Amino acid sequence: MSFIEPSNDSSDSGNYEEWIPTFCSRFGHEYFCQVPTDFIEDDFNLTGLSQEVAYYRKALDTILDLESTSDEEEEKNDASSNSKKDNDAHVTRSIVEHSAEQLYGLIHARFILTKAGLQAMAEKFDRKEFGTCPRYHCGSIQLLPCGLSDTLGKQTVRLYCPSCQDLYIPQSSRHLSLEGAYWGTSFPGVFLKHFKELEDYVEKKNKETYELKIFGFSIAKEAICGPRMQWLRQYPKTDEEWEEFKKCEFEIPKELLEDNPGSQSSDDNNMSSTVTN
Amino acid sequence: MSIPEESVETTEQPDVVMADALVVNDQDDGSDSGEYVEYWIDLFLGKKGHEYFCDIDTEYITDRFNLINLQKTVSKFTTVVQYMVDDLEEGIIESMSPARLEQLETDTRKLYGLIHARYIITAKGLQKMLQKYKAADFGRCPRYHCNHQPLLPVGLHDIPGIDCVKLYCPSCEDLYNPKSSRHSAIDGAYFGTSFPGMFLQGFPEMCPKHPTKRYVPKVFGFDLHKQAQLTRWQELQRLKLEKLLITKGINLNESGGYQF
Ligand SMILES: [Zn+2]
Ligand SMILES: [Zn+2]
């Protein structure tokens, strides 16, 4: 799970800091944007979240800086509540802090799909705050954070490249343990739908790919280390390929695999020229 | 040399700082102190950012046959070679001006890099690089579906001064920028364009089974249409290749085949 160490700075009273900006500016939290309090205050936006997070009320109050000093009403541990009250209060506090982080993350996942949230994330995208694609031919295009699950505790955050349309692991170790559900599975898709110009930009980008060579020569297809992954970065180029692409609208047209003996197969022309057919 | 702009990215800071703390002698010192302790090659290999280089045998360096056509790449070639293998008289080094010594150090690093590119495609060099590959000294593929596949260094040119080193993933067969700025400043010619190909041809068992899993962005559970269509078309290309390879009698359940 993420956020192993709950902030210990908040344990003291003293000077008062707003929870959300503090959370977002913490080391390793660079992928988060600040969710406005009015979004959080609108109950409609929080539908269903009370079941996802423990100490929901207190967690919500923490996020909104409404922390009350009277914890009595929520006291559940009936057994030893009075004996070690100070200790319990302390433990509860770090648990609540953890819940607050989870709750904030889940609200964040919802907020970034709204117009305002997309805008906030677009600004971070422009500033390359999610990093850039490590793939050489993507020319350092910015990445988008992405979850592979919308449920807590399943997967850490990944990064989606709109250019190669592939998924990457964050480069820096401080982003490796971030909970993926805090960005959610729909974010890159919604982002691409909302900012059409990004897709257009990517479409026009050159589709250069790499081919491994030895002293300038392509490696034969039959070799064990021969090219087996060119399809991964391939885009339709010829009319024939675009025709094929059209047929892929709803399913893979398996009939295209049936007849040909390899002569008219379009990939043959594209692939290693060392192999004669 | 072009350094990719993300190499100066702020996200790199902590790693670099950590490396700083670990490395005792920093970059360009040693040259101005005038004393040359230990072996030059060991000092070179121990410098931060030099993790991709392997140790070249002294016999390889001193065999003039291996250095054909490298003479003109540095001035005072013989001195540079002697300095590299710690064969230069103490007195000569002491009489050098700091600037001259600095030049000598720079030239020696460059020549070492150029010899390195040749050495790592020899049987012995390949063996040394295999150990480094197994230890993932060149890093691992950042692509999620490549499952932390170790990478191999590669140049896009065999001529120095054009572009910095890149990393080749034998799993997805693609090229990546080094994660750390200290690696992305290294000349690609010091590894050469043919190294990964020679390596995988030399050690075919190191060729992984290639992943076929893909990711398609979703909106509330539904695939994005255009992206899904492209993925299907690409999978069609893969299936065609697979069919062709099978007709040629290639077993795709072994190294170099596919992971399903
Ligand atoms: Zn990319
Ligand atoms: Zn890979």
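This report covers the interface, the zinc sites and the salt bridges of a predicted model.

## Ground rules

Local features need pLDDT of at least 70, side-chain atom pairs count only at pLDDT 80 or more, and totals for chains, interfaces and linings use all residues. Residues are numbered from 1 along each chain as written, chains are lettered from A and ligands numbered from 1 in written order, and side-chain values use heavy atoms, without hydrogens and water.

## Where the chains meet

In chain A, 76 residues are in contact with 71 residues of chain B. Contact means heavy atoms within 4.5 Å. The area buried between chain A and chain B is about 6700 Å². Buried area is the accessible area (1.4 Å probe) that two parts lose on being put together, summed over both. Carbon and sulfur atoms give 60% of it.

Polar contacts also cross the interface: the rule finds 30 residue pairs, both at pLDDT 80 or more. A polar contact is a pair of N or O atoms within 3.5 Å; within protein, one must be able to donate a hydrogen and the other to accept it, and residues adjacent in sequence count only if both atoms are side-chain atoms. On the side of chain A that touches chain B, α6(A) supplies the largest share, 5 residues. Helices (H or I, at least four residues) and strands (E, at least two) are DSSP runs, numbered from the N terminus. By class, this side has 36 nonpolar, 18 polar and 22 charged residues. Ala, Val, Leu, Ile, Met, Phe, Trp, Tyr, Cys and Pro count as nonpolar, Asp, Glu, Lys and Arg as charged, and the others, Gly among them, as polar.

Donors are N, O and S atoms within 2.8 Å of the metal (3.2 Å for Na, K and Ca).

The zinc ion (ligand 2) is coordinated by the SG atoms of Cys141(B), Cys146(B), Cys169(B) and Cys172(B), at 2.3 to 2.4 Å. Its 4 donor atoms subtend angles of 102 to 119°, which makes this arrangement tetrahedral. In sequence, its donor residues are spaced C-x4-C-x22-C-x2-C.

## Salt bridges

The whole structure has 23 salt bridges over all chains. Each is a side-chain nitrogen of Lys or Arg within 4 Å of a carboxyl oxygen of Asp or Glu. Between chain A and chain B the count is 7. Asp174(B) pairs with Arg233(A), with the closest N and O atoms 2.6 Å apart.

Within chain A, Arg26(A) forms a salt bridge with Glu97(A), at 3.8 Å between the closest N and O atoms.

Definitions and conventions
Four donors count as tetrahedral if all angles lie between 85 and 135 degrees; four count as square planar and six as octahedral if opposite donors are over 155 degrees apart and all others between 65 and 115; anything else is irregular.
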